[in-house]
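Thanks for asking for a second pair of eyes on this one. Here are my notes, point by point, to read with the structure open beside you.

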Amino acid sequence: MGLLIDIVMSGLINGSILALLAIGFSLIFGVARIVNFAHTAFYMVAAYCIYVVTQLMGWHAVWGMIAAVLVVTLLGMITYRFLINPIREHEGAVLIATIALAMILQEVMSLFFTGTYLSVPALIEGYAVILTVKVFYQQILSFGAALAILAALYFFLMKTKVGLAIRSTAQDREVANLMGINEARVAMLTMGLSVGLAGFAGAVVVPLTVLEPGMWTGPLIMMMAVVVLGGLGSLKGSFIGAYILGFAEALVVFLAPMGAFLKGPVALCIMILVLLMRPEGLFGVSFEEER
Amino acid sequence: MKMRFAVLWSILLAALLVVSMSFPAGAQGAKTIKIGVIGPMKFVQGTGHWNGALMAADEINAKGGIQVGDEKMKIELVQADSNEFNSVTDATNAMERLVTRDKVDFVVGGFRSEAVFPMQDIAMEHKRIFIDCGASHNELCSRVAQNYDKYKYFFRESPFNSSMLARTSFIHLAYVADIMKKELNIPKIKVAVVAEKAMWADAFTKTAEMVVTQQGMELAGIWRPSAVATDVSAELSAIQRSGAHIIFTIFSSSVGIPFARQAGELKIPAVQVGINVEAQKDSFWQATQGKGDYAFTSSTFCRGVENNGNTKAFVEGYVKRFGETPSYTAATYGAIKYGLVPSIEKTGTLDPDKIVAFLENYEHKNADSTIKYMKDSEGKPLHDITWGPGYATGIAVQWQNGKQVGVWPYKWKLTPNSPAVTYKGIVPYKIPPWVIEKYKK
C-alpha cells in the first residue's frame, strides 16, 4: 500500500512539472506551427532572473517570479519579431534558429554566472505529510499551478476575443487574415504567452531544481516527449501526456531503484510505443477537430 | 606620392602588428618557463586549477623566479579552457594548442578521466611533463608502468586513485557507523547505497555492496539516479521506507546538490556519508539553500584543518586571495611549487627526461600530503601517489551549522596496532538532531 501511495504522489508531482513546461510549447506550435526549441532555454533564463532578484538583490521570491515572467515574455516577443518572423515560412530554419538561440542563451548565462551550480529559495518552505508521504509545499504548488494554468488558458482561449483570434489563426491562417485578424500580431502575442508560460514554469519549478547554464537540455527532451505523445499542438494532449510520463518515471524509480537513471529513457520508450500505434499522438486529431 | 607612402606605411604597420600577435606573449620578453594550466575554466574545478597555479607562480616569481643552472627564469602561465564537462574534443584541442602553438614546457590540470586520457596521449607524444590535478582513474598511471618510454612524462598529484578513493570512503562509512551504533544503540546498521549513474561509480557501487555486509551492516538497497537528476524526492521517499540509517553517497556531479537539499528539507532520518563532490565546495551552502547541513564527504582541503606543515599557509593564502576554500584541483599549487620547481632547480635543466628521472624518486611534501611516487608489483614506476598515514589520506568534512569542518581523520588507526592519526583542526562528527530524535531510545 505504501509503495502505491508513493507511486501515485510521485507521478502526480512529476506530471505537473512536465505539464507546466509542455503547455506553452504546445500552444505556440498549435497556433503558429512554430517548433520553439528555445522554449526550455527561456525557462532557464527565468530561473536566472529569479536568482538575481532573490539572491543578489535580496528581494522576495514573488518579485523574482514577476520579474522572470516579464523579462522572459519580452525576450520571447523580441525573439519572434526579429528572429522567427522573418524565417517563419521555413520550418526547418525556425527549428535551427531556435536551437542556436538556446545555445546562445546558454553561453550568455555561462559568461555571467559561470558553470557554478546555484539555487533559489522555495516560495513556500517545508513539506506536508500526505498519506504517509513527505511532499514539499513547492511540489504541491506546482501541481496546483499546472491545473490553474490549464484552466486559465482554457478560459482565455474559449471566452475572450483574443482567444477567438488565436483559435481562428490556428485553424486557418489565411482565412483568419481575410477576416481582418492581424495574423502576425496574433502569432507574436501567442509567442509572448507561450514563453511567459515557460517563465512561469521556471518560477514554480526552479526552487525544486539546480540552476546551471545547461539546465534547459534535460527538460527539453522530456517536454518534446510529452507533446509528441499527447499530439503536437494539443493542450489537452500535452496535459495528459505529461501525467502519463510522470507516472512512468515514478514507476521506474520505485519498482527498479537500481535503474532509477532509466526513468527518462523509459518515458521516451513509452512515447515511441504510443506513436507506433497512433502516429498523430494521443489527442492530435481529436483536439484539432474540437478547435 | 605622399598618399602612396601613407598607404605603404599603413600596410607595413598592420603586417608588423599581425606578426607580433602571431607569436606568444612570452616570446617577446625575457626567457620564461611556460606552464600550461588546463581545466574547465568556466567551472569551479577549472578555477581551482588556475588559482592554485597562479598562487604558485606569483610566489615563485616574487622571489626572482626559478634557478635553472646559471640563470633565473620566471614562470609564465598559459591558461587553456578544456571545456571537458561538455566536450572531450574541446579538451584535446586545448591540449594540442598548449603544446604546439603556445609551446609550453609543462602542463598541469585535467579533471574528467574521460578527457584526461586523450589529453595525456597528446602531451606524451610531445614529451611534455603533464601533472594531473583532478582525474583519479587508476589506468592513467598504469599506462606509465605498461609503456614507460611513452607515458613516463605523466604524474599524478591529486586526488589519489579511484581504488584508494573507494577504500577511504569505506573507512569513513565504518567510522560513522561505529558512532551511530555507540550513540544511538542501533545493533545492526542498515545502509542505502546511492550512486550516480556514471562509469567511475559502477565499480564503486559493486564494491560497496560487498563491503557493507563485510563490515557487519545490512544493505537496505541500491539507488542509481542520473548524475544530473534535479529531483530525487522519489528516491528519498523509497530510502526512508527501506529503514536505512546511513545513506552512502557516490556523487561527483550536480545530483549531489538536490540530494542533500531535499534529504535535509524532508528530514530523512538517515545520515549521509561517502563522496559528494558538491559538498566539498563553499558554494554548497547556497546551492542547497542551507538545507545541506550535516552532509559528509571525502575532501582534500578545509579551512582550519592542517594535513601537514604546508597546508595552513596555502589554505589561508588562497582564502585571502580568492575568497573561497581551495578545491582539490587547486593542487596545481603543490604540483608547481613543491614538485616541478625543485625538480628543475635540482637538475638545472628543462630537459623533460632529466626532470622525470629526478621527480619520480623525489619524496616531498606538497600542500596536503607527502608525495611518494609508487611502483607497481613488478617494481615499475607508476607515477601514482602513495596512500596511507604519513602520505596522502585526504580528509573528510561535514557541514555543521552552515560551516564546513574537518571530521576525519579523528583518532584513526589503519590497523588496531597502528598509531592513532588526528590532523590538527579536526573536530568530532555530529549526527543530525532529527536522526537522533528518531532513533534515540
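1. Let's begin inside α9(B). The buried residues in this helix are S233(B), A234(B), E235(B), L236(B), S237(B), A238(B), I239(B) and Q240(B). That leaves α9(B) mostly covered, with eight of its 10 residues buried. Please keep in mind throughout that this is a predicted model.

2. Now look at where the two chains meet. Chain B puts 31 residues into the contact, and chain A puts in 29 residues. On the chain B side, β8 (218–223), α9 (233–242), α10 (256–265) and α11 (284–287) each contribute at least two residues. Which of these elements gives the largest share of the side of chain B that touches chain A? That is α9(B), with six residues. Sorted by class, the side of chain B that touches chain A holds 13 nonpolar, 10 polar and eight charged residues.

3. Helix α10 of chain A (residues 235–255) crosses α9(B) at roughly 35°, and their axes come within 9 Å. The crossing of α10(A) and α9(B) is right-handed. From α10(A), the residues involved are A250(A), V253(A) and F254(A), and they meet A234(B), E235(B) and A238(B) of α9(B). By class, this contact of α10(A) with α9(B) has five nonpolar residues, no polar ones and one charged.

4. Stepping back to chain B as a whole, you will find 15 helices and 17 strands. Its radius of gyration is 24 Å, close to the 22 Å that the globule rule gives for 441 residues, so chain B is as compact as a globular protein of that length. Its C-alpha trace spans about 100 × 55 × 40 Å along the principal axes. Of the 441 residues in chain B, 53% count as buried. Counting contacts in chain B between residues at least 6 apart in sequence, 68% join residues at least 24 apart.

5. Chain A has a helix pair of its own to inspect. Helix α2 (residues 39–56) and helix α3 (residues 61–84) of chain A pack with their axes 8 Å apart, at an angle of about 140°. That angle makes α2(A) oblique to α3(A). Their crossing is right-handed. Residues of α2(A) in this contact include F42(A), V45(A), C49(A) and V53(A), while those of α3(A) include W63(A), M65(A), V71(A) and L75(A). The contact of α2(A) with α3(A) has 14 nonpolar, three polar and no charged residues.

6. Finally, is A146(A) buried or exposed? This residue, found in helix α5 (residues 137–159) of chain A, counts as buried because it has 26 C-beta neighbours inside 10 Å. Leaving aside neighbours within four places in sequence, A146(A) is in contact with S16(A), A19(A) and L20(A). The C-alpha atoms of A146(A) and V227(A) are separated by 15 Å, and these residues are 81 apart along the chain.

Note on methods: Residues numbered from 1 in each chain as written. Chains lettered and ligands numbered in written order. Predicted model: local features only at pLDDT ≥ 70, side-chain atom pairs only at ≥ 80, totals over all residues. Helix = DSSP H or I, 4+ residues; strand = E, 2+ residues; numbered from the N terminus. Rg over C-alpha atoms; globule rule 2.2 N^0.38 Å. Buried ≥ 20, exposed ≤ 12 C-beta atoms within 10 Å, placed from the backbone. Contact = placed C-beta atoms within 7 Å. Nonpolar A, V, L, I, M, F, W, Y, C, P; charged D, E, K, R; others polar. Axes fitted to C-alpha atoms, helices over the stretch in contact; angles between N-to-C directions. Parallel < 35°, antiparallel > 145°, perpendicular 65-115°, else oblique. Left-handed = near helix turned anticlockwise from the far one by under 90°.
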